[in-house]
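Subject: Structure handover

Hi,

Here is the structure you asked for. My notes follow below it.

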Amino acid sequence: AVVAGLRKLPVELITPDHDESLAGIVAFRHPDADRLHRALHEENIHVMCQAGRVRIAIHGYNTVHDVEGLLATLSGAL
């Protein structure tokens with residue numbers, strides 16, 4: 001769900017886009033990654049950010065609501 005949502009946003013998906021390669025960690029590049037990281041953090045959405053890349057780790061305890069919130073916040077920040 002997070003990869004499908006990221007595909008619709010103006011970010012460069014780094015994570016392999018093949019179903020057999022998908023994992024719980026997704027990453028993308030954006031020239032304004034630090035600002036996006038701050039916007040997510042302000043909404044209590046914790047991701048990693050380094051060298052223009054944002055890394056999202058989805059785990060079993062994350063809900064669909066969490067993913068939707070992440071994508072909505074990211075979309076608004078873009």
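How exposed is Arg35, in relative accessibility? Arg35 comes out at 30%, which counts as partly exposed. The cut-offs are these: buried means under 20% relative accessible area, exposed means over 50%, and partly exposed is in between, with a 1.4 Å probe and protein chains only.

Before the rest, the ground rules. This is a predicted model, with local features needing pLDDT of at least 70 and side-chain atom pairs counting only at pLDDT 80 or more, while totals for chains, interfaces and linings use all residues. Residues are numbered from 1 along each chain as its sequence is written, and side-chain values use heavy atoms, with hydrogens and water left out.

**Salt bridges**

A search of the whole structure gives two salt bridges. The criterion is a side-chain nitrogen of Lys or Arg within 4 Å of a carboxyl oxygen of Asp or Glu.

Arg35 is in one of them. Its partner is Asp32, and the closest N and O atoms are 2.5 Å apart. Asp32 is partly exposed too, at 31% relative accessibility.

The other pair is Glu12 and Arg29, with closest N and O atoms 3.0 Å apart. Glu12 lies in strand β1 and Arg29 in strand β2, so this pair ties together parts that are 17 residues apart in sequence. Glu12 is partly exposed, with a relative accessible area of 43%. Arg29 is also partly exposed, at 37%.

A word on the labels. Helices (H or I, at least four residues) and strands (E, at least two) are DSSP runs, numbered from the N terminus.

**The sheet**

Four strands make an open sheet, in the order β1-β2-β4-β3, with antiparallel pairing. Two strands pair if DSSP finds at least two bridges between them. The edge strands are β1 (12-13) and β3, each pairing on one side only.

Strand β4 covers residues 53-57. Five bridges link β4 to β2 (residues 25-29), in the antiparallel sense. Here Arg29 turns up again: Arg29 stands opposite Arg53 in β4. On β3 (residues 48-50), three bridges join the strand to β4, again antiparallel.

β4 has two faces. Val54 and Ile56 are on the covered face. Arg53, Arg55 and Ala57 are on the uncovered one.

**Helix α2**

α2 lies across β2, β3 and β4, and runs at about 160° to β3. For that angle, axes are lines fitted to C-alpha atoms, for helices over the stretch in contact, and angles run from 0 to 180 degrees between N-to-C directions.

Which residues of α2 are buried? They are Ala33, Leu36 and Leu40. They cover an arc of only 60° around the axis, which puts them on the same side of α2. The arc is that of the directions from the helix axis to the C-beta atoms. These buried residues pack against β2, β3, β4 and α3. Contact means heavy atoms within 4.5 Å.

Glu42 also lies in α2. Glu42 is exposed, with a relative accessible area of 65%. Glu42 and Thr73 are 31 residues apart in sequence, yet 9.8 Å apart in space, C-alpha to C-alpha.

**Helix α3**

α3 (residues 64-77) has 14 residues. From first C-alpha to last, α3 reaches 20 Å, close to the 20 Å expected at 1.5 Å a residue. The expected span is 1.5 Å times one less than the number of residues.

Buried in α3 are Val67, Leu70, Leu71, Leu74 and Ala77. Seen down the axis of α3, they fall within an arc of 130°, so they line one face of the helix. They pack against α1 (2-7), β2, α2 (33-42) and β4. The face of α3 turned away from this buried side carries the exposed residues Val64, His65 and Gly76.

Most residues other than glycine have a negative phi. Two exceptions here are worth a look.

Asn44 has a positive phi near 65°. Asn44 lies in the loop between α2 and β3, and counts as exposed at 58% relative accessibility.

Ala51 has a positive phi near 55°. Ala51 belongs to the hairpin of β3 and β4, which has two residues between the strands. At 64% relative accessibility, Ala51 counts as exposed.

Best wishes
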